Amino acid sequence: MATLRFQALKEASGRKPVKFEEADRKSNIFATNVFNESTMKQFLTKDAFNGVRDAIQHGSKIDRKLADYIAMGMKEWALSKGVTHYTHWFQPLTGTTAEKHDAFFETDFEGGSLEKFGGGQLVQQEPDASSFPNGGIRNTFEARGYTAWDPTSPAFIYGTTLCIPTVFISYTGEALDYKTPLLRALHAIDEAATDVCRYFDKNVKKVTPTLGWEQEYFLVDKALANSRPDILLTGRTLLGHTSAKGQQLEDHYFGSIPSRVLQYMRELEEECMYLGIPVKTRHNEVAPNQFELAPIFEEANLAVDHNSLLMDVMQKVAERHDFKVLLHEKPFQGVNGSGKHNNWSMATDTGVNLLAPGKTPMSNLQFLTFFINTIKAVNIYEELLRASIASASNDHRLGANEAPPAIISVFIGDQLFKVLSELEGVSSGKLSPAEKTDLKLNVVGKIPDVMLDNTDRNRTSPFAFTGNKFEFRAVGSSANCANAMTTLNAIVAKQLKDFKKEVDALIDKKGLKKDEAIFNVLREYIKQSKNILFEGDGYSDAWEKEAKKRGLSNRKTTPEALKAKVSKQAFALFEELGIMNHVEVEARYEIELEEYTKKIQIEGRVLGDIARNHVIPTAIRYQNTLIENVRGLKEIFGKDFEKIAKEQIGLIKEISAHIEGINSNVEKMTEARKKANALTSAEKMAASYCDVVKPYFEIIREHCDKLELLVDDEIWTLTKYRELLFTK
Ligand code: ADP
Ligand code: MG
């Protein structure tokens with residue numbers, strides 16, 4: 001008997017829900033482990049408090065003396081909560097979070113000891129980070145990297161450690177992490193959007209992009225997950241025949257949450273509460289054992305940090321409930337994959353959501369301005385936006401038949417589509433009084449009513465307007481949102497800057513009134529951006545053809561998609577806005593290519609191992625049983641045996657053919673890997689892994705999956721799809 005599989009099954013089927021009781025109502029524990037405003041007020045002097053607030057709101061510098069005071073307060077607070085260590089918490093380009101804990105504890109060299117934490121330790125650290133990816137930045141400049149405190153994201157306590165969100169930069173100033181470019185992009189859009197807002201309201205001083213992510217994930221029993229080397233090493237199943245029952249009955253989506261899972265969710269949500277992650281909704285997703293968690297939206301930098309933290313917390317809480325969380329975009333073939341919808345908008349410091357229509361024609365014109373500028377930005381930079389979500393694991397989702405396609409398009413719904421069409425008809429130059437009245441009353445003025453009826457939803461669109469925000473749906477479930485958010489905020493910032501220039505020019509040079517100028521520019525934008533608007537079924541073949549005609553890109557693989565990151569357009573964008581310089585952009589490109597290559601390389605090795613060490617030996621064992629059976633039949637029936645043993649003989653041959661198929665293709669794949677490894681350019685290597693190595697995965701898998709169907713279930717060593725997906 002296949003011991004590991006059956007042991008795991010026994011363990012999993014005997015599990016009882018791990019009971020969890022909430023300590024208190026959520027509002028009482030929310031953010032109690034966060035050094036937020038109310039805690040700061042309690043633990044900081046007035047000057048220190050004002051200093052931090054100034055830094056958060058206006059980006060002012062915190063000097064060393066002030067930092068000392070802040071550190072002192074932070075330490076007191078942390079010690080009062082039983083904390084022993086502190087860490088600079090950052091997001092290197094590996095896509096995960098990094099931390100190195102230091103104790104507050106120190107000796108005074110006179111036999112005594114104390115807890116120490118000064119401004120120096122708060123503000124800057126130098127982790128030995130030589131093995132984080134840097135895309136050649138540190139080699140080129142022979143510089144070390146350091147982490148620096150980001151006061152805009154509050155420190156928090158996790159377990160017994162004080163975590164201080166930081167950026168990670170080289171001594172020559174290049175960003176080595178995800179957070180730095182994000183902060184710069186957020187700054188750029190703040191400036192650009194504030195300028196545009198002031199056409200409508202002079203009181204606006206700051207615009208903050210908002211992000212509400214929706215995190216999809218799979219839960220698999222820990223014992224079952226551990227019984228599969230592919231899940232353990234790659235986060236997904238590399239083989240496995242689809243279960244007879246999958247998601248066809250659609251009985252999982254929004255269904256009642258299984259009790260073991262519910263206990264897990266309760267504990268996870270409570271952990272999130274302490275950490276100030278405002279989680280709000282939970283439900284079953286479409287695939288069996290697939291779930292979703294979503295928070296109330298927050299300022300984008302904080303939301304990104306919270307999502308990174310969440311992915312870590314999810315895994316830790318899962319341990320206690322004997323689950324493994326699979327954040328991979330496609331852990332199982334044949335059922336839905338997981339995404340991380342990024343709901344995005346912009347909010348002013350006067351409390352206005354810039355993507356929500358308002359009460360007056362003027363505020364609706366403001367809405368239209370931001371709405372149309374976003375569409376235009378996506379139209380111009382669709383390839384860069386596609387590149388921002390590219391990864392080996394997301395390739396399984398994009399373009400497959402259940403996720404947004406690799407083509408970026410924008411869905412806005414019928415009603416807004418009509419509004420744009422009407423605006424397109426606005427005449428050039430000055431507007432007649434009648435036209436102005438008509439616009440105000442019948443077009444712009446009607447938007448809120450229109451939007452109330454606008455209930456249509458298009459689930460197949462990668463970038464959809466959903467009433468008061470855009471939803472970037474193509475982001476992968478395992479991704480750090482920073483990548484997508486940096487790009488989205490950067491392209492809209494650039495677009496808003498250009499818009500401002502054009503409107504000002506019409507006002508200054510052509511003598512148009514402000515609203516006339518705005519209408520004129522928006523009209524041209526609508527004309528220019530039509531290609532990106534698509535209201536139909538994004539999963540259909542017809543759309544692929546149509547998109548091609550429109551000249552939209554359709555990059556189905558990561559190495560293809562990533563090229564847009566180093567286009568002239570991308571360099572110019574990031575440099576103009578001060579988000580990333582040439583070196584930083586190139587470094588990221590290199591790192592992402594390398595990551596792609598390594599992932600496919602690991603998958604190839606694991607698949608080769610499993611196919612040869614699990615599948616083939618099992619197939620041979622079963623074949624031997626068949627051979628013995630045939631031999632016995634021959635002994636009993638003599639020359640009649642061939643007729644009687646016909647099926648068995650057929651099976652024996654079939655098994656041999658599959659074994660041959662596996663062996664020869666594993667060999668060819670290994671050869672292909674060797675050739676790819678010998679290439680010196682990261683670009684060529686990634687392309688070779690993508691185009692030459694990866695296609696063997698399918699072929700090998702098919703032989704293995706066929707064998708799974710043929711071989712006696714009792715001796716099959718790999719935990720099967722039905723067991724992974726339906727054990728609750
Ligand atoms: P659904 O998309 O499933 O219908 P909702 O529309 O309620 O659900 O919101 C989904 C996500 O969008 C939530 O995380 C929510 O916080 C977020 N969201 C709502 N408004 C905004 C906004 N103005 N900016 C960013 N995210 C938002
Ligand atoms: Mg949604």
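**Note on the predicted model**

1. Tyr86 stands opposite Asp102 in β2. β1 (residues 85-89) and strand β2 (residues 102-103) pair in the antiparallel sense over two bridges. Two strands are taken to pair if DSSP finds at least two bridges between them. Helices (H or I, at least four residues) and strands (E, at least two) are DSSP runs, numbered from the N terminus.

2. This is a predicted model, in which local features need pLDDT of at least 70, side-chain atom pairs count only at pLDDT 80 or more, and totals for chains, interfaces and linings use all residues. Residues are numbered from 1 along each chain as its sequence is written, while chains are lettered from A and ligands numbered from 1 in the order in which they are written.

3. Four of the five residues of β1 are buried, so the strand is largely enclosed by the rest of the structure. Here a residue is buried if 20 or more other C-beta atoms lie within 10 Å of its own, exposed if 12 or fewer, and partly exposed in between, with C-beta atoms placed from the backbone.

4. Which residues are closest to ligand 1? They are Thr210, Gly212, Phe297, Asn343 and Ser345, out of 15 residues that surround the ligand. The elements that give two or more residues to this shell are β9 (207-221), β11 (290-295) and β14 (340-348). A residue is near the ligand if its C-beta atom, placed from the backbone, lies within 6 Å of it. The largest share of the shell, four residues, comes from β9.

5. By class, the shell around ligand 1 has six nonpolar, seven polar and two charged residues. For this count, Ala, Val, Leu, Ile, Met, Phe, Trp, Tyr, Cys and Pro are nonpolar, Asp, Glu, Lys and Arg are charged, and the others, Gly among them, are polar.

6. β11 also deserves a point of its own. Five of the six residues of β11 are buried, so this strand is largely enclosed by the rest of the structure. β9 and β11 run antiparallel and are joined by four bridges; in this pairing Glu216 stands opposite Glu292 in β11. Strand β10 (residues 279-284) is likewise antiparallel to β11, through five bridges, and Val279 has Pro295 of β11 as its bridge partner. The hairpin of β10 and β11 has five residues between the strands, and Asn289 there takes a positive phi near 60°.

7. Helix α15 (residues 414-424) has Leu416, Val419 and Leu420 as its buried residues. They cover an arc of only 95° around the axis, which puts them on the same side of α15. The arc is that of the directions from the helix axis to the C-beta atoms. On the other side of α15, Asp414, Phe417 and Ser421 are exposed.

8. Helix α18 (residues 481-510) has 30 residues and reaches 42 Å from its first C-alpha to its last, close to the 44 Å expected at 1.5 Å a residue. The expected span is 1.5 Å times one less than the number of residues. Gly511 follows α18 and has a positive phi, near 70°.

9. Leaving aside its neighbours within four places in sequence, Ala493 is in contact (C-beta atoms, placed from the backbone, within 7 Å) with Ala185, Ala188, Ile189, Ala192 and Leu577. Ala493 and Ala185 are 308 residues apart in sequence and 7.8 Å apart in space, C-alpha to C-alpha.

10. Asn663 lies in helix α25 (residues 646-677). Asn663 is partly exposed, with 15 other C-beta atoms within 10 Å. From C-alpha to C-alpha, Asn663 and His703 are 10.0 Å apart in space, with a separation of 40 residues in sequence.

11. Two loop residues have backbone angles to check. Ala31 has a positive phi of about 60° although it is not a glycine; Ala31 sits in the loop between α2 (26-29) and α3 (37-43) and is partly exposed, with 19 C-beta neighbours inside 10 Å. Phe109, also not a glycine, has a positive phi near 60°. Phe109 is found in the loop between β3 (105-107) and β4 (113-115), and is exposed, with 7 other C-beta atoms within 10 Å.

Key
Contact = placed C-beta atoms within 7 Å.
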